[in-house]
Amino acid sequence: MNYLEIPVPNRAQHLWRYTPWSKVHPTEVGSVPKISTAKVILNDVEIKSNDKRQKSNLEEISRVFLQESNNSMHLVSVNEASPANLITISSEEEQAICHIHVECSTSGSLIVKLDGAINWLGLHITGNVAKNCTLSFGLVNDLAQHSTILRCEDWNLLRDSVLEYGELSIGGSQIKSDIRTSLDEVNSSLTQNIAVITEDSRHDDHHIEILHRSGNTNSSLNVSSACSDKGHTIGTGLLMIQEDCDGCDAGQVFKNLLLSDTAKAESIPELEVLSDDVKAAHGAASSSVDSEQIHYMMSRGFSKVHAEALIVEGFLVSCFAKINNNEVRQYLIGALTAKYL
Amino acid sequence: MSEVILNIKNLHVSVEGTKIIKGVDLTIKSGEIHAIMGRNGAGKSTLAHVLMGHPAYEITQGEIQYRGKPIEEYEVFERARAGMFLSFQYPASIPGVQVGNFLKKSVNNVRNEKVKARDFRKELNAAMEKLDMDKGFLSRYVNDGFSGGEKKRLEILQMMLLKPTLALLDETDSGLDIDALRLVAKGITETAEETGFLVITHYQRLLELIKPDFVHAMIDGKFVKSGGPELALKLEDQGYDWLEA
């Protein structure tokens, strides 16, 4: 189905309830502009897009739109020869699109950084983690404060593979992220840890789908958000365990720290479980900073402002504590700490 | 002549309209160790918290002077920077903040001297050794997942590094086995000689190790009896009923 054949989604749809499609479309919803390719630097060397991207199986509006606006793709292979791959995505144009396809055929790590002052960025990341491989993936969104970002990710995990995923989302003003992971084969495992800071009037909408398509697969999702000023954080999670997938262990938690009276956080974790013998848990919690934590820090000589900043930083840092890969974990924590310097 | 660090006159304190402390007088000079004993709910911890400036407690009458100045003039963090330290009975956990960083920042906040990183490490290592603490402690998050004993040791480690003028220890001995208690007592006795201590406890066993100069029995928000170490022995032996007779 072409983009123009897909009806513009209305807000009754779970995926588009909080961020209308028109807010993240770069022009008018009824048009498909041709948008240039973003600059992709891999380990200090610019790489060119040279592969036509495969057509997505999903007839989901943002994925179809991104493909029709720019059909090129950057292929990135994760291999042992390159232990820490750092990709920086930026553009000098007002609008740009980038499609990165990751093939992980040996265990390794990959860090993606979104950088620069672009007005609108469309980003699609797809990836396969091959049998018995572990991919440690980190993404830092550090775009300029005015940027709008439309991001889709689609990951497939094969037998005995592991994807440990960390994201720090601090850049841009209007962000829509739709991240989907399919645990296709037995004993595959996903740990997904996402830290979000919304301040000023930043609007950050994460939709995260995790599909267990095979038995004895594990997933763990942790989204931690710190919301201040008039910031608005949205986290919608959809955890699905298909039929005949016994032995799955899945959980998702959304935690929000509300740091002002005008900040908003909406967390909607959903479960759809069609197998009997599984563990599936979900939860959401929102609160302000604990006054006992502040008092404890102040009793050690921290001013109230400093105490609160450290507690918030710690809350977000602890989101990344479960990432085993030291380079990815330290990169994410370093980017977060730099934000608070 | 020893300096008067803390001077409390006719202190009355309420929490959400409920009177907890109903007229306490206390003077602590540098180098003195004062112990407060009393039943649960007597107001011991309230006294420690009000001294440290916990916002939930309201002073309704009386005054507290710290080193000659009314304590109300100080915010909580200013009290810490002026040399007051509270070892919490239930210290808050701060996930994501590593103990090592927290200690370094606390020392920089509180001590009126620029401590070089190398000197800090040396001092930290020595204090941790005295408290039999593993180096792995430093990379853990503050009180996050700590056992009761680990929390108390971290409190004492902080006290040793912050070198307070007045240390308030709120049931630092509760929940400790005898070996941990000895280490905690060692930490207290090795803190600066001129530090004044206010030690809140239920048990004589800590006082055997740190030897208080004064013991105060607290009932229903008041000191009903003050004396020397022999009072602690009598309270341990006979309880508090005889003080109410």
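A: Happy to. Let us begin with one pair of residues: A:Lys113 stands opposite A:Val140 in strand S9 of chain A. Please keep in mind that this is a predicted model.

Q: What makes S7(A) and S9(A) a parallel pair?

A: Two strands count as paired if DSSP finds at least two bridges between them. Here 9 bridges join S7(A) to S9(A), and the two run parallel.

Q: Which strand does S9(A) pair with over 8 bridges?

A: That is S11(A), and the pairing is again in the parallel sense. One place to look is A:Leu135, which stands opposite A:Leu163 in S11(A).

Q: Why is S9(A) called mostly covered?

A: A residue is buried if 20 or more other C-beta atoms lie within 10 Å of its own. In S9(A), 8 of its 10 residues are buried.

Q: What makes A:Leu110 stand out in the largest nonpolar core?

A: The core has 157 residues, and A:Leu110, A:Leu121 and B:Leu168 touch the most other members. Leaving aside residues up to four places away in sequence, A:Leu110 touches A:Val76, A:Val78, A:Asn85, A:Ile87, A:Val102, A:Leu135 and A:Phe137.

Q: How do you know that the length of helix H5 of chain A fits its number of residues?

A: H5(A) covers residues 326-340, which is 15 residues, and at 1.5 Å a residue it should span 21 Å. The expected span takes one less than the number of residues. The end C-alpha atoms of H5(A) are 21 Å apart, so the two values agree.

Q: Which residues of H5(A) are buried, and what covers them?

A: The buried ones are A:Val328, A:Arg329, A:Tyr331, A:Leu332, A:Ile333 and A:Leu336. Their cover includes strands S7 (108-116), S9 (134-143), S11 (162-169) and S13 (189-198), along with helix H4 (304-317), of chain A.

Q: What does each chain bring to the contact between chain A and chain B?

A: Two residues are in contact if their C-beta atoms lie within 7 Å. By that test 19 residues of chain B are in contact with 19 residues of chain A. On the chain B side, helix H2 (76-81), strand S7 (94-98) and helix H3 (99-110) each supply at least two residues. The residues on that side divide into 13 nonpolar, 5 polar and 1 charged.

Q: How do you know that chain A agrees with a compact globule?

A: For 341 residues, a compact globule would have a radius of gyration near 20 Å, and chain A, at 19 Å, agrees with that. Its C-alpha atoms fill a box of roughly 60 × 50 × 45 Å along the principal axes. Chain A holds 5 helices and 19 strands, and 49% of its residues count as buried. Among its contacts between residues at least 6 apart in sequence, 82% join residues at least 24 apart.

Q: Which strands pair with S3(B)?

A: Strand S10 (residues 196-201) of chain B pairs with S3(B) in the parallel sense over 5 bridges, and B:Phe197 is the bridge partner of B:Ile33. Strand S11 (residues 214-219) of chain B also pairs with S3(B) in the parallel sense over 5 bridges, where B:Gly38 stands opposite B:Met218.

Q: What makes S2 and S5 of chain B edge strands?

A: The open sheet they belong to has 4 strands in the order S2-S1-S4-S5, with antiparallel pairing. S2(B) (18-29) and S5(B) (69-70) each have a single partner strand, so one side of each is left without a neighbour in the sheet. For S2(B), 9 bridges link it to S1(B) in the antiparallel sense, and B:Val13 stands opposite B:Ile21.

Key. Residues numbered from 1 in each chain as written. Chains lettered and ligands numbered in written order. Predicted model: local features only at pLDDT ≥ 70, side-chain atom pairs only at ≥ 80, totals over all residues. Rg over C-alpha atoms; globule rule 2.2 N^0.38 Å. Buried ≥ 20, exposed ≤ 12 C-beta atoms within 10 Å, placed from the backbone. Nonpolar A, V, L, I, M, F, W, Y, C, P; charged D, E, K, R; others polar. Core = buried A, V, L, I, M, F, W, Y, C linked by C-beta atoms within 7 Å.
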